[in-house]
Amino acid sequence: MKRILCYGDSNTYGYNPENERRYPKEIRWTGRLSHILGDNYEIIEEGLNNRTTTLEPPEELWRSGLFYLEPCLRSHIPLDLVIIMLGSNDMKICFQQTPELIGRHIRLLIQKTREILSLKNPPEKQCKILLISPILISKHICNAYYANEFGGLSATNFSTQLSAIYHQIAREEHCEFLSGQDCSNPSVLDGLHMDPEGHRQMAEAVARKISVIF
């Protein structure tokens, strides 16, 4: 059985922009992915609302993806694939990031993931890393009460730049890559989170990629 860890933010958690709750497992892309792949795969969900790459919000250090990465990996080893899909929350204006800086943070996450796996994963089990760039933030972000946190429409332009940056990093770090903006569209309710159709699209795109990886 192949064990796959999905490490992400609210779009991996399954945040529902309609009611601010969580989509049920059969709607979330991770749950759909498990259904598509079948019994030969175990999908491990590790999504957290507001999780960043490595940035630490005041009084919420545990939101940093780097902060929780090592205990998370150690909890779930042995692993065959780690999927990292983070970066959307780094675009909040309070962090004053650029697309290039977010790229540096995601590179650090990749390198740290590989370091931990090389030490703790069984030597006979080679674990791969799949990097997925964030989905686009659309103009509908202006509909959300948290629009100002992302700078409103400026986040749309910001988010369009991440796919190319992530792709280059994946090549340099010898990771697998998927462009989130090519996999799924955001909900019209808030322009940031996937709706049920978006989760279906993401699951199917990731499943196709996994079939190639393995």
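Helix α2 lies across strands β1 (2–8), β2 and β3 (81–85), and runs at about 175° to β2. Helix α4 (residues 99–120) lies across β3 and β4, at about 160° to β3. Lying across rests on contact, meaning heavy atoms within 4.5 Å. Angles run from 0 to 180 degrees between N-to-C directions, with axes fitted to C-alpha atoms, for helices over the stretch in contact. Helices (H or I, at least four residues) and strands (E, at least two) are DSSP runs numbered from the N terminus.

This is a predicted model, where local features need pLDDT of at least 70, side-chain atom pairs count only at pLDDT 80 or more, and totals for chains, interfaces and linings use all residues. Residues are numbered from 1 along each chain as its sequence is written, and side-chain values use heavy atoms, leaving out hydrogens and water.

Now to the sheet itself. Five strands form an open sheet in the order β2-β1-β3-β4-β5, with parallel pairing; two strands pair if DSSP finds at least two bridges between them.

| Edge strand | Residues |
|---|---|
| β2 | 41–47 |
| β5 | 176–178 |

From one strand to the next, the twist averages 20°. Strand β4 (residues 128–132) pairs with β5 in the parallel sense over three bridges, and Ile132 stands opposite Leu178 in β5.

Back to α2, which has a helix partner too. The axes of α2 (residues 29–37) and α8 (residues 196–213) come within 8 Å and cross at roughly 45°. That makes α2 oblique to α8, the class left once angles under 35 degrees (roughly parallel), over 145 (roughly antiparallel) and 65 to 115 (roughly perpendicular) are set aside.
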